[in-house]
Amino acid sequence: MENIKGYVQEHKDRFINELIELLKIPSVSADTAYSHDVFETADAVKASLEKAGCDFVEICDTPGYPIVYGEKIIDKSLPTVLVYGHYDVQPPDPIELWTSPPFEPVIKKTEIHPEGAIFARGSCDDKGQMYMHVKALEYMVQSNTLPCNVKFMIEGEEEIGSKSLSWFVERNQEKLKNDVILISDTGMISNQQPSITTGLRGLSYVEVEVTGPNRDLHSGLYGGAVANPINVLSKMIASLHDENNHITIPGFYDNVVELSLEERAEMAKAPFNLENYKKALDLNDVYGESGYVTNERNSIRPTLDVNGIWGGYTGEGAKTVIASKAFAKISMRLVPNQDWEQITELFTKHFTSLAPAGVTVKVKPHHGGQGYVTPIDSIGYKAANMAYTETFGVPAIPVRSGGSIPIVALFEKELKSKTILMGFGLDSDAIHSPNEHFGIFNYLKGIETIPLFYKYFVELSK
Ligand code: BES
Ligand code: MN
Ligand code: MN
């Protein structure tokens, strides 16, 4: 195992180039125009798993995009690690804000990544982080140090709600049997301070539609006399938060678990600098629910955010018009114990009740998922912490993240196993934004750290 550092040094150029090739395929799951590329990416992932040393790899067809399954079973009596990742990526837009094309990866130095970072859509979320596991497997196979069985399950619909994965997991419980699930699809505090994600928020995502008159109207002839759907929608949305930025949907907080003061004090120990946070985002102040600090607002508290809003005329110049319809996409981030389907119902009921006479309102649920919290006294957590401690020289800090990976809760329900979230990205890596990137340091450190997780997990399982 001492050799992992040397192996990474020796092969790093090839590791980087292989990832760059994978990043060139625009596997945008949200947009059917890229459908061919999504399928092509699945084939590329399959080939990479075969090359890395899996004994068996297959493309599993689903009602949507395929799941790439691979395995190397060395001894049925040994533990099995199931690696999950996703090969689909977010749409690249707004494309004009990228400093280099999103699917033409280039290495550029940044303040945070002085040794360079790969700029491309999916570099961090999640192709780069997923591929670290493929390279870690390559090392363990080449050096004969794979200490247990390994299964890979790489999907192509994470960014659009993992519908086909749920379908697949429900039908393949025996095949996916494992002792621990390992995922790198989250972040860490900094390159000097690793952290392990111990919580994810749940999600309820809905689209709303407000309809007024049956056609767009002249805003002079009709203005003032009929409901303007955009005005009404704005007012309805504004009323969803009160003056303390609490969400006003009745029952919304009923199942929210309040953390104890001790737990909050523990959270506050994680390094965080508000001035740097504001500076990185060019903000003159932060904003959020009263009674909670930034690191609580974005992890242990539920939220409601408009992700997009449209209607009427948005082209060049002015057009005097009252639109027939107005729309918005709204996400609610939920905390463990809030049930996303129940929250979707509460939202729907409340939002439709807000509609004044003169408009009709429709709520269309998109997708969602439950949140997740995991204890820090499990074998998996300990093994991950030992691995980070060895490669970073300092222990990892447990951190609850604000993001969502809804299938993690589903894994626990269907496969009865815990997930360890060993992320190597940074918040500043701009995932889902223009100029997404992944540090070379982070990529290589991930490849170095993962085999140690296997080693310690197997040792601690004995
Ligand atoms: N990898 C992210 C989630 C993430 C990122 C969690 C960083 C923690 C830290 C994942 O690809 C993602 O974007 N998930 C979506 C949810 C999904 C249902 C569309 C999200 O969080 O918006
Ligand atoms: Mn992801
Ligand atoms: Mn994502």
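Three strands make up an open sheet with antiparallel pairing, in the order S4-S5-S18. Strand S4 (106-108) and strand S18 (437-439) are at the edges with a single partner strand each, so one side of each has no neighbour in the sheet. On average, neighbouring strands of this sheet are turned by 30° against each other, direction ignored. Strands here are DSSP runs of E with at least two residues, numbered from the N terminus, and two of them pair if DSSP finds at least two bridges between them. The angles are taken between axes, which are lines fitted to C-alpha atoms. Within this sheet, strand S5 (residues 117-119) and S18 are joined antiparallel over three bridges. Ile 118 has Phe 438 of S18 as its bridge partner.

This is a predicted model, in which local features need pLDDT of at least 70 and side-chain atom pairs count only at pLDDT 80 or more, while totals for chains, interfaces and linings use all residues. Residues are numbered from 1 along each chain as its sequence is written, chains are lettered from A and ligands numbered from 1 in the order in which they are written, and side-chain values use heavy atoms, with hydrogens and water left out.

A further open sheet has four strands in the order S11-S13-S9-S14, again with antiparallel pairing. Its edges are strand S11 (303-311) and strand S14 (360-369); each has a single partner strand, so one side of each is left without a neighbour in the sheet. Neighbouring strands of this sheet are turned by 20° against each other on average, direction ignored. S11 and strand S13 (residues 325-334) run antiparallel and are joined by eight bridges. Opposite Leu 304 stands Met 332 in S13.

The ligand comes next. Around ligand 1 there are 16 residues (each with a heavy atom within 4 Å of it), and Glu 158, Asp 185, Arg 333, Ser 404 and His 432 come nearest. The shell consists of four nonpolar, seven polar and five charged residues; Asp, Glu, Lys and Arg count as charged, and Gly is among the polar ones. Domain 1 (4-200 + 371-461) and domain 2 (203-256 + 302-369) each supply at least three residues of this shell, with domain bounds taken from an automatic or database assignment.

Several N or O atoms of the protein make polar contacts with the ligand (pairs of N or O atoms within 3.5 Å). An N or O atom in the side chain of His 432 is 2.8 Å from an oxygen atom of ligand 1, and one in the side chain of Asp 125 is 3.1 Å from an oxygen atom of ligand 1. At Ser 404, a backbone N or O atom lies 2.9 Å from a nitrogen atom of ligand 1. The protein covers 88% of the 520 Å² of accessible area that ligand 1 has on its own, by the Shrake-Rupley method with a 1.4 Å probe.

Methods
Polar contact = N/O pair within 3.5 Å; in protein donor to acceptor, adjacent residues only side chain to side chain. Axes fitted to C-alpha atoms, helices over the stretch in contact; angles between N-to-C directions.
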